[in-house]
Amino acid sequence: MFVYPDAPIEPGCVLLFVPVELVPLVGGAFKAMEQRRKWATQEDFEQGYRAFVELERQLMSTCLQELIQEIRDLRGVSPAYASTPVEERESYMYRSVADLIEHVNTLIFALSGGLEHGDNVLEILRGDTEASSSRNMLDMLE
Amino acid sequence: MSLIAITQVLRLRWRDNDGAETFSLLNIGASVDYVSALSWLADFYGLSVPMSTALVIGADLLVRYAENTNITSVEASDTRRQGVFIFGESPDGLAVVRLPSILESVLMTSGPYAGIEIDQSLPAVAAFVAALTNGIGGVIPCDPMAIDLGDLATAYMQRVAG
């Protein structure tokens with residue numbers, strides 16, 4: 001019987017790359033952990049059951065999707081597609097990193113007359129970012 | 001093919017100090033009412049515990065039905081090939097319902113999970129999912145923690161150990 005382990009102070013995870021053809025076998029291997037008798041207590045079972053069913057779910061919706069969304073959030077949506085629902089957006093509907101860098105360089109030139117700029121430029125950019133309702137590449141300057 | 005009521009079973013699950021487990025079973029008639037059957041289960045527990053050094057870690061009332069004819073499953077059936085329907089929301093509300101020997105024909109034929117993912121657009125699948133999500137006759141199935149299953153999160157085929 002298993003005791004559900006305590007989570008570390010700083011939560012972490014392990015990213016596995018499971019070949020799609022192995023999804024049925026890997027998922028099936030988790031089945032035993034859905035059983036009450038595998039766990040020492042009801043509390044252990046409830047935590048373990050949820051955790052392993054979540055792993056089974058992730059096999060069909062890998063965390064790569066979430067990572068992709070994080071990257072898209074970082075890039076920020078192009079204004080032309082701001083009204084497009086998130087689930088309907090394609091990659092091209094988000095700003096490119098190259099465009100963002102060019103935009104930042106333009107700002108730096110405009111504010112300081114060149115790439116040799118003072119600290120106040122970053123403060124100005126940071127202020128501009130905080131006024132925005134969406135996260136984008138400018139957040140990286142903080 | 002038809003299922004008929006057979007004896008109900010009172011089942012006590014025992015565990016010894018080595019962690020080994022076993023059951024003790026007691027049959028009662030199929031027609032015994034629910035309240036009386038549960039009362040007998042409590043009595044079975046109370047009468048058994050004083051005579052054993054093992055612990056009772058579970059007690060079940062099994063209302064049973066069994067196939068009444070000699071049938072043979074079709075050759076292509078395989079209980080280790082299971083349809084897995086995962087309901088609820090991540091990460092703390094997921095629950096699983098399994099359907100053994102899921103038809104190969106309900107699996108997607110294209111896409112990244114071809115041959116693995118269950119096609120939720122098929123009428124039989126959609127009806128199954130809707131019943132578990134919305135309930136039948138005012139009764140909504142729940143997970144082991146007594147929480148309604150909720151919406152389907154994903155459905156696919158697994159191969160489990162024999």
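**Entry 1: ground rules.** I number residues from 1 along each chain as its sequence is written, and I letter chains from A and number ligands from 1 in the order in which they are written. As the model is predicted, local features need pLDDT of at least 70 and side-chain atom pairs count only at pLDDT 80 or more, while totals for chains, interfaces and linings use all residues.

**Entry 2: chain A.** I looked up the elements, where helices (H or I, at least four residues) and strands (E, at least two) are DSSP runs numbered from the N terminus. Chain A has five helices and zero strands, and along the sequence the pattern reads α-α-α-α-α. I then checked burial: a residue is buried if 20 or more other C-beta atoms lie within 10 Å of its own, exposed if 12 or fewer, and partly exposed in between, with C-beta atoms placed from the backbone. Of the 142 residues of chain A, 10% count as buried.

**Entry 3: helix H2 of chain A.** The 17 residues of H2(A) should span 24 Å, and the end C-alpha atoms are 24 Å apart, which agrees. The buried residues of H2(A) include A:Phe45, A:Tyr49, A:Phe52 and A:Val53. What do the buried residues of H2(A) pack against? They pack against H1 of chain A together with S6, S7 and S8 of chain B.

**Entry 4: the core.** A nonpolar core is a set of buried Ala, Val, Leu, Ile, Met, Phe, Trp, Tyr and Cys residues joined through C-beta atoms within 7 Å. The largest has 27 residues, and A:Val53, B:Phe85, B:Ile86, B:Phe87, B:Ala155 and B:Tyr156 touch the most other members. S8(B) gives this core its largest share, five residues. In S8(B), six of the eight residues are buried. Leaving aside neighbours within four places in sequence, B:Phe85 is in contact with B:Val96, B:Val97, B:Val129, B:Leu152 and B:Ala155.

**Entry 5: strand pairing.** Two strands pair if DSSP finds at least two bridges between them. S6(B) and S8(B) pair in the antiparallel sense over seven bridges, and B:Gly83 stands opposite B:Met157 in S8(B).

**Entry 6: B:Asp151.** I found B:Asp151 in the loop between helix H2 (123-134) and strand S8 (152-159) of chain B. Is B:Asp151 buried or exposed? B:Asp151 is exposed, because 12 other C-beta atoms lie within 10 Å. Apart from neighbours within four places in sequence, B:Asp151 is in contact with B:Phe87 and B:Thr133. B:Ile86 is 65 residues from B:Asp151 along the chain, and their C-alpha atoms are separated by 8.7 Å.

Conventions. Contact = placed C-beta atoms within 7 Å. Expected span 1.5 Å × (residues − 1).
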